[in-house]
Amino acid sequence: MRAGDRPAVAIAGVGQAGPVAADSRSIPEMVLAAVEEALADAAIGFDGVEAVVTASVDLFDGLTASNVAITEVVGAVMRPETRIAGDGLCAAIHGACELRAGACETVLAVAHGKASMAPHWALTEWAMDPVFLQPLGIDFLVCAGLQACALAQGDGGATERWAELAARRAAAGDAAIAPPRSAAEILASPVLASPLRRGMAAPLGDGACAVVLRAAAGGPGEAPVRIAGAGWDLEPHSPGERDLARWHGLERACARAGLDRTDPGLELAEPSCLFAHEEELFRAAAGIGEEAPLSPGGGLFAGTAPHVAGLSRLIACARAIRDGAARRALAHGAWGPAGQAHAVAVLEAW
Amino acid sequence: MTAGAIAAEPLGVACPMDLGWRYASGAAMERFLAGLRERRIEALRCDGCGRRYLPPRPLCGDCRLPLDRWVPVAAAGTLEAWSVYRLPILDGRTGEPRPTPYGIGLVRLDGADTTINHLLAETDPGRLRIGLRVRAVWREELRGALDDILHFEVAR
């Protein structure tokens, strides 16, 4: 999806609930808080929303059609709603597609996740192929360990580097969920799936994000931030069919978004990296060197919620552009085992 | 063998799942459940359309207005739809098959504008019809849960 003669897509409002380690509110209450903040930010009410795209996962919510719990609080009664069983950034991208297709002029994109409801990594085992992978006890955490192993091949300093990276990211965040730890503490933390240790994983908790997107004729004054390009891409489900040391899906998603591998105009990158080693995969696939700031607020290491991550990265980019900290930024979302699926959006100041 | 033909009985792969989730009930449902412990049933009334929601919802989907006006509801009402179920469905609370047959109904309690799902004591289809008056049968020891109302019985 690239900017052209179709309507441009402006980010008119953003809202967030959490992330926190455990939100005592129900899912609808948590989602409503994020939605109300986004609507207020866009200076509209529920009546100003024409269509809704939500992102949530049945398995993580413990009910089939996980969007049924939030129909009212996202304003989807008597409105077209689309549900994405993937990262929240994909909900925003689908909303942008609706706007560019001319289907409507205002879309609300919402994502929620509550990791405190159930043991998250154990649940992910049931998202794996049931005939060959589930019986072997393979979940997303195991896949991350295998990916980290593949990446560290012939690289003796990898784990130390990842520990330092995780410590740096966690220190930059507001420690909403887990207190920051030093690299030495991270290297001494329990092994999750070797070579990954607990401190190398972003802390998971509860949260919701909401974004109001608006079709804009163009020009400053309407909204300060626009989506200049977006794309998403899948890899095969089985880790055995992939080159685990590369995020090829992200390379293709970036190309779909019209992003050159070494985009000189990119002033900020906000990747969805649940593990420290994924940041290296992200940099290599998206062509991000050291020149553009990456996750200045700690990224997901400040705490995140499953499948909310990508939409929270879009909000981080939009806020940075509004604040004048960047004029062009890359938001990234990922889901599935070992980065099977990727979505990216390029945001620009108007 | 042609493509797609199955030479023998396919091998099955058993994948037993033992998963659990902890749900937050939400402030409105929390108050509703707490009320049951005192045999008190309350609905939330929308300031926009006046609709009285039972079970209570956090927001009126039609008016898109948050709900916070509680109104009392009676423990008796009218049967709006019913069915007698004969399949041994699993009871979500016990994990055991629920004894069959059992009656299930949509009951509009006096003072509410929406209906609630609940069990019916009557399991003879010949004795059930839409429009029947029904009343709640309470558990002796109330604990603030949906089954504080054991079921609804026909008021005769």
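Q: Two strands pair if DSSP finds at least two bridges between them. In what order do the strands of the open sheet of chain B lie?
A: This is a predicted model: local features need pLDDT of at least 70, side-chain atom pairs count only at pLDDT 80 or more, and totals for chains, interfaces and linings use all residues. Residues are numbered from 1 along each chain as its sequence is written, chains are lettered from A and ligands numbered from 1 in the order in which they are written, and side-chain values use heavy atoms, without hydrogens or water. Strands (E, at least two residues) and helices (H or I, at least four) are DSSP runs, numbered from the N terminus. The open sheet has three strands with antiparallel pairing, in the order β2-β1-β5.

Q: Which are the edge strands of this sheet?
A: An edge strand here pairs on one side only. That applies to two strands of chain B, β2 (52–53) and β5 (69–73).

Q: What angle does the direction of helix α1 of chain B make with that of β1(B)?
A: Helix α1(B), residues 27–36, packs on the sheet and touches β1 and β5 of chain B. Contact means heavy atoms within 4.5 Å. Axes are lines fitted to C-alpha atoms, for helices over the stretch in contact, and angles run from 0 to 180 degrees between N-to-C directions. For α1(B) and β1(B) the angle is about 155°.

Q: Over how many bridges does β6(B) pair with β7 of chain B?
A: Strand β6 of chain B (residues 76–85) also pairs with β9 (residues 133–138), antiparallel over three bridges, with B:Thr78 opposite B:Arg133. Toward β7(B), residues 102–109, B:Ala81 stands opposite B:Leu106. This pairing is antiparallel too, and its bridges number eight.

Q: Is B:Glu153 buried, partly exposed or exposed?
A: B:Glu153 is found in strand β10 (residues 149–154) of chain B. Beyond four places in sequence, it touches B:Ala121, B:Arg133, B:Val134, B:Arg135 and B:Val137. Buried means under 20% relative accessible area, exposed over 50%, partly exposed in between (1.4 Å probe, protein chains only). At 29%, B:Glu153 therefore counts as partly exposed.

Q: How far apart are the C-alpha atoms of B:Glu153 and B:Val137?
A: The two residues lie 16 residues apart along the chain. Their C-alpha atoms are separated by 6.7 Å.

Q: How many of the residues of helix α9 of chain A are buried?
A: Helix α9(A) spans residues 276–286. Elements covering its buried residues include α5, α6, β6 (196–197), α8 (248–256), β9 (268–270) and β10 of chain A. The helix is largely enclosed by the rest of the structure, because the buried count, out of 11, is nine.

Q: Which residue just after α9(A) takes a positive phi?
A: The buried residues of α9(A) include A:Ala285 and A:Ala286. Just after the helix, a phi of about 70° belongs to A:Gly287.

Q: How many residues does the largest nonpolar core have?
A: A nonpolar core is a set of buried Ala, Val, Leu, Ile, Met, Phe, Trp, Tyr and Cys residues joined through side-chain atoms within 4.5 Å. Among those with the most contacts inside the largest core are A:Ile11, A:Val211 and A:Leu314. Apart from it lies another core, of 42 residues, including A:Trp162 and A:Leu165. The largest core has 43.

Q: What volume does the largest cavity have?
A: On a 1 Å grid over the protein atoms alone, a cavity is a set of points where a 1.4 Å probe fits but cannot get out; lining residues have an atom within 4 Å of a point. Grid points are joined across faces, edges and corners, and a volume is the space filled by probe spheres set on the points. The structure holds four cavities of 30 Å³ or more. The space in the largest is about 280 Å³.

Q: Which element supplies the largest share of that lining?
A: The largest cavity is lined by 24 residues, with A:Phe140 and A:Trp335 among the closest to its centre. Helices α4 (120–124) and α5 (140–152) and strand β10 (328–335) of chain A each supply at least two residues. The largest share, three residues, comes from α4(A).

Q: Which element gives the most to the lining of the largest pocket?
A: A pocket is an open set of grid points with protein on both sides within 12 Å along at least five of seven lines. The largest has a volume of about 1400 Å³, and B:Met29 and B:Pro55 are among the closest to its centre of the 45 lining residues. Two or more residues come from each of α1 (27–41) of chain A and α1, β7 and β8 (116–120) of chain B. With six residues, the most comes from α1(B).
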